[in-house]
Amino acid sequence: MELRQLRYFVEVAEREHISEAAEYLHVAQSAISRQIANLEEELGAPLFERVGRNVKLTPIGKTFLEHSITALKAIDFAAKQVEEYLDPAKGTIKVGFPTSLASYVLPTIISAFKKEYPDISFHLRQGSYKYLIEAVKNRELNLALLGPLPPKDEAIETTVLFSESIHALIPATHPLAKQDSIHLIDLKNDNFVLFPEGYILQKVAVDACRSAGFVPKITSEGEDMDALKGLVAAGIGVTLLPESSLYDSTPRMTVKMPIASPTIRRTVGIIAPTTRDLAPSEQVFVDFVSKFYSRLSRFQ
């Protein structure tokens, strides 16, 4: 069984068309057909069946595809590690991140890192909380920034970077806008604008309100920070957001309001897999970011 056979097989399986796969791979269609035939002969089972001009995976083919993708990812990762062991100051770091860390935390980290390691590049992947955790587990990503960090999981290693408060963001016309701080219970009669159900920050906000003795009345939803801030600025309602998301981008017509009680905080950190080693450049990144926030905490 050859590596190129697996790559040909995966490409055909994903496109369901041999000629399209051949065009993408810049090889002759006959070469792909021959290699797949050799693969099927070695396995002793058909991987595809013809459906008109297309091909479809057989049940055995579907099983083999899953394992082939895993094998190719492992081989590509191994090749990347060899390359980076030869020169750890070069490479590409693939990092996942949620929308709540996009406006301030992520740019701050990468800007500081690039000053010391200019030859290391980044491939950034934004995603939901659950997606990022699963992506680290199934080899799509090796690193992801998250807030809050997930519960203990044998497949994931967590590194705490910092802890931050959750603040209320209220319209500038709100009756409480002139106060230095508020109690969350003060907002029990307000309309809330939050992330949709399933987003971790919606759960953080709802749990906080329940701990204060009320269930928030959610009248509008937004899938990113800017959308929620815009809704608050328009006077549609109030929201709860991490302090770091409001450092550089508190919109006009809104007020960032500290919450005196209850205390609402989230941990922010990096998750990595426990089932495989990080590439050298990835380990350099984790070590750098950990030291970066450790130094910051000493000066606060």
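Buried here means under 20% relative accessible area, exposed means over 50%, and partly exposed is whatever falls in between, taken with a 1.4 Å probe on protein chains only. The model is a predicted one, so local features need pLDDT of at least 70 and side-chain atom pairs count only at pLDDT 80 or more, while totals for chains, interfaces and linings use all residues. Residues are numbered from 1 along each chain as its sequence is written, and side-chain values rest on heavy atoms, with hydrogens and water left out.

UniProt, in an unreviewed entry, lists residues 1-58 as "domain: HTH lysR-type"; its positions are given in the numbering used here, feature names are shortened, and annotations may be inferred rather than shown by experiment. In the model that span is 62% helix and 14% strand, with its end C-alpha atoms 19 Å apart. Helices (H or I, at least four residues) and strands (E, at least two) are DSSP runs numbered from the N terminus.

Next come the salt bridges, each being a side-chain nitrogen of Lys or Arg within 4 Å of a carboxyl oxygen of Asp or Glu. That rule gives a count of 8. One of them joins the side chains of Arg 15 and Glu 11, at 2.6 Å from N to O. Both sit in helix H1 (residues 3-15), and because they are 4 residues apart, about one helical turn separates them. Arg 15 is partly exposed at 31% relative accessibility, whereas Glu 11 is buried at 12%. As a general point, an α-helix has 3.6 residues a turn, so residues three or four places apart point the same way.

Helix H6 (residues 129-137) has its own buried set: Tyr 129, Leu 132, Ile 133, Ala 135 and Val 136. These residues cover an arc of only 160° around the axis, so they lie on the same side of H6; the arc is that of the directions from the helix axis to the C-beta atoms. They pack against strands E3 (91-97), E4 (120-126), E5 (143-146), E6 and E13 (265-273), and against H7 as well. Asp 153 lies in the loop between E5 and E6, so the pair ties together parts that are 16 residues apart in sequence. Asp 153 is partly exposed at 25%, as is Lys 137 at 32%. Just after H6, Arg 139 takes a positive phi of about 80°.

His 167 lies in strand E6 (residues 156-171) and is buried, with a relative accessible area of 8%. Leaving aside neighbours within four places in sequence, His 167 has contacts that include Thr 239, Leu 241, Glu 243, Lys 256 and Pro 258.

Finally, strands E8 (residues 191-194) and E9 (residues 217-221) pair in the parallel sense over 4 bridges, where pairing requires that DSSP find at least two bridges between the strands. Asn 191 has Lys 217 of E9 as its bridge partner. Together with helix H7 (residues 200-211), E8 and E9 make a right-handed β-α-β unit. Right-handed means that, with the strands pointing away from the viewer, the path from the first strand over the helix to the second runs clockwise.

Key: Contact = heavy atoms within 4.5 Å.
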